[in-house]
Amino acid sequence: MKEVVGLIGMFLLVSSWAPQTLETIKNKKCPLNLEFIIIYVTASLLLTIYSYLIRDPVFLALNSLATLQSGINLYVKLRYK
């Protein structure tokens with residue numbers, strides 16, 4: 001049961017980023033603040049590593065997806081200035 005709650009939370013959190021990431025890819029422009037994106041990518045990556053180390057699959061998936069989505073925003077922000 002607790003995994004279901006975690007999976008639902010993960011789905012909602014990751015899906016909240018999806019519209020921004022899709023808009024960024026479509027427009028090849030990221031309106032987010034560069035410093036915010038750098039901090040978010042770094043934090044998500046560190047939490048991904050931590051989730052792996054403590055063997056928590058829900059948080060590993062969540063943080064991996066957060067790193068991927070914020071990484072896309074960072075890439076577009078730096079690539080298409």
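Tutor: A quick definition to begin: a nonpolar core is a set of buried Ala, Val, Leu, Ile, Met, Phe, Trp, Tyr and Cys residues joined through side-chain atoms within 4.5 Å. Buried means under 20% relative accessible area, with a 1.4 Å probe and protein chains only. This is a predicted model, where local features need pLDDT of at least 70, side-chain atom pairs count only at pLDDT 80 or more, and totals for chains, interfaces and linings use all residues. Numbering runs from 1 along each chain as its sequence is written, and side-chain values use heavy atoms, leaving out hydrogens and water.

Student: Which residues make up the largest nonpolar core?

Tutor: Look for seven residues in all. They are Trp 17, Cys 30, Leu 32, Ile 37, Val 41, Leu 74 and Val 76.

Student: What does Ile 37 touch, not counting residues up to four places away in sequence?

Tutor: Contact means heavy atoms within 4.5 Å. With those sequence neighbours set aside, Ile 37 touches Cys 30, Leu 32, Ser 70, Asn 73, Leu 74 and Lys 77.

Student: Does Thr 24 count as buried or exposed?

Tutor: Thr 24 sits in helix α1, a helix being a DSSP run (H or I, at least four residues) numbered from the N terminus. Its relative accessibility is 0%, so Thr 24 counts as buried.

Student: At roughly what angle do the axes of α1 and α3 cross?

Tutor: Axes are lines fitted to C-alpha atoms, for helices over the stretch in contact, and angles run from 0 to 180 degrees between N-to-C directions. Here α1 (residues 2–27) and α3 (residues 57–79) have axes that come within 10 Å and cross at roughly 10°.

Definitions and conventions
Helices (H or I, at least four residues) and strands (E, at least two) are DSSP runs, numbered from the N terminus. Buried means under 20% relative accessible area, exposed over 50%, partly exposed in between (1.4 Å probe, protein chains only).
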